[in-house]
Amino acid sequence: SSDLMAQCLKHRWVDEFSRPKPPKKLWQNERLIRRTVLFGKPPASRRGLSAANLLSSKSGSVNAGYCTYMGATSVDIDFEVRGKGNHQEYWVTHCVLALWGREENPKHVTVKACVRPGAPWVDVGSACLDDVAQTEARILVDKPVRYVRLSLRGNFGGSFGIAVRKVSFYGYEVRSVPIDIDLQSSKFLRGSKLHMHADDIQAK
């Protein structure tokens, strides 16, 4: 019986079953982030062509999109790419603009991001349109972002300003991990130093 037990323990199935459980594979299939909302004060627009039309998610629905007010050729639109909860964040792979293919197409599109409301905006992606008949612009982001600013500059001579049909953000869910750095034992390069502030400094 002992020989039979030893032969059973040497079986390939027992070896595979006793191995450590493989780690769970992370989900990195990009998909449309549907909970994106406008952030802050929406920009001025022509009547019935507000920025809220850019985020219409109803399947099969067609709206007039967004158009700047009084033929303006420069506008900034702020968005919040958020999830179901406060701790749900997304790695945005790219942003897609659906355009009308008219003279009101923007010439330059820049995607900016900030870490919190009121923080400085930093460029994370851009695209330049060369064809007035172009109906889509794709901007590569490939970064974890929450607050996004879409800067549209210039057009192709259209009298109505800048017009965009729809804005979509694509990516996958991520989870941020806080990192504590010991500055006393850290190595500083390129002229950087550790500066200590006085305890009695108070913000105005």
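Author: Begin with strand E5, residues 89-98: eight of its 10 residues are buried, so to speak mostly covered. Buried means under 20% relative accessible area, exposed over 50%, partly exposed in between (1.4 Å probe, protein chains only). Strands (E, at least two residues) are DSSP runs, numbered from the N terminus. This is a predicted model: local features need pLDDT of at least 70, side-chain atom pairs count only at pLDDT 80 or more, and totals for chains, interfaces and linings use all residues. Residues are numbered from 1 along each chain as its sequence is written, and side-chain values use heavy atoms, with hydrogens and water left out.

Reader: Which strands does E5 pair with in the antiparallel sense?

Author: The general idea comes before the case. Strands of a sheet pair through backbone hydrogen bonds, either parallel or antiparallel. Two strands pair if DSSP finds at least two bridges between them. E5 runs antiparallel to E11 (residues 166-174), with nine bridges. There, His-94 has Tyr-170 as its bridge partner. E5 also pairs with E8 (residues 136-145), antiparallel, over eight bridges.

Reader: In what order do the five strands of the open sheet stand?

Author: The order is E2-E4-E9-E6-E7, with antiparallel pairing. E2 (36-38) and E7 (122-128) each have a single partner strand, so one side of each lacks a neighbour in the sheet. Within the sheet, E4 (residues 74-81) and E9 (residues 147-153) are joined by seven bridges. Asp-76 has its bridge partner in E9, Ser-151.

Definitions and conventions:
Helix = DSSP H or I, 4+ residues; strand = E, 2+ residues; numbered from the N terminus.
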